Amino acid sequence: MSKVLLINGSPKEHGCTYTALKEIADTLAKEGIESEFYHVRNDAPGCKDCGYCAKKGRCVIKDDVNMLADRLDEFDAIVLGSPVYYAGPNASLCALLDRMFYMKSAPYAFKPAAAVVSCRRGGASASFDRLNKYFTIARMPVVSSQYWNSIHGNNAEE
């Protein structure tokens with residue numbers, strides 16, 4: 001059975017971004033595809049540029065980055081979700097992804113990936129573009145759509 005990792009980059013675990021990812025999870029389930037949610041910590045630290053990962057294959061920072069990288073083989077695809085802040089994805093999500101992809105991008109190659117962003121007004125396309133760059137740099141095929149994967153609303157119910 002296929003399994004997809006859904007990474008929720010919102011500080012609000014069950015906010016608008018979760019609503020979009022839940023819709024994806026429900027659609028995957030109808031096709032017999034399992035999914036698992038991971039909620040990014042609000043205080044995910046950025047890369048220290050210490051070079052530890054190049055030498056040891058692991059991040060020196062003791063948080064979920066190493067756990068996620070170790071579990072990568074369990075997933076056939078990855079979907080990222082983020083709210084939009086000043087035309088960019090959540091900083092904690094980007095900090096986690098910077099470290100996760102810099103440390104071990106080779107195992108991600110050829111795993112399908114997609115991103116969805118949640119905003120109130122504008123900035124969706126810039127955020128969507130930034131998240132897709134993680135995929136294209138890691139040689140991951142981006143699952144396309146008929147338009148940018150963005151939702152708009154002020155709360156999870158919208």
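Trainee: Where is Arg 139 found?

Mentor: Arg 139 is in the loop between helix H5 (124-137) and strand S6 (150-152); helices (H or I, at least four residues) and strands (E, at least two) are DSSP runs, numbered from the N terminus. The model is a predicted one, in which local features need pLDDT of at least 70 and side-chain atom pairs count only at pLDDT 80 or more, whereas totals for chains, interfaces and linings use all residues. Residues are numbered from 1 along each chain as its sequence is written, and side-chain values use heavy atoms, with hydrogens and water left out.

Trainee: Why is Arg 139 called partly exposed?

Mentor: Buried means under 20% relative accessible area, exposed means over 50%, and partly exposed lies in between (1.4 Å probe, protein chains only). Arg 139 has 48% relative accessibility, and therefore counts as partly exposed.

Trainee: What makes the phi of Arg 139 worth noting?

Mentor: Phi of Arg 139 is near 65°, a positive value in a residue other than glycine. Most residues other than glycine have a negative phi. Asp 49 also has a positive phi, of about 55°, although it is not a glycine. Asp 49 is in the loop between strand S2 (34-39) and helix H2 (52-56), and its 66% relative accessibility makes it exposed.

Trainee: How do you know that the length of helix H4 agrees with its number of residues?

Mentor: The expected span of a helix is 1.5 Å times one less than its number of residues. For the 13 residues of H4 (residues 91-103) this gives 18 Å, and the end C-alpha atoms are 18 Å apart, so the two agree.

Trainee: Why is H4 described as mostly covered?

Mentor: Of its 13 residues, 10 are buried, including Leu 93, Leu 96, Arg 99 and Phe 101.

Trainee: Which residues touch the most other members of the largest nonpolar core?

Mentor: Ile 7, Leu 96, Phe 101 and Tyr 108 do so, in a core of 35 residues. Such a core is a set of buried Ala, Val, Leu, Ile, Met, Phe, Trp, Tyr and Cys residues joined through side-chain atoms within 4.5 Å. H4 gives the largest share of this core, 7 residues.

Trainee: What makes Glu 74 and Lys 3 a salt bridge?

Mentor: A salt bridge is a side-chain nitrogen of Lys or Arg within 4 Å of a carboxyl oxygen of Asp or Glu. The closest N and O atoms of Glu 74 and Lys 3 are 4.0 Å apart. Glu 74 lies in the loop between H3 and S3 and Lys 3 in strand S1, so the pair ties together parts that are 71 residues apart in sequence. Glu 74 is partly exposed, at 38% relative accessible area, whereas Lys 3 is buried, at 15%.

Trainee: Which residue forms a salt bridge with Asp 63?

Mentor: Arg 99 does, the closest N and O atoms being 2.7 Å apart. This pair links Asp 63, in the loop between H2 and H3, with Arg 99 in helix H4, 36 residues apart. Asp 63 and Arg 99 are both buried.
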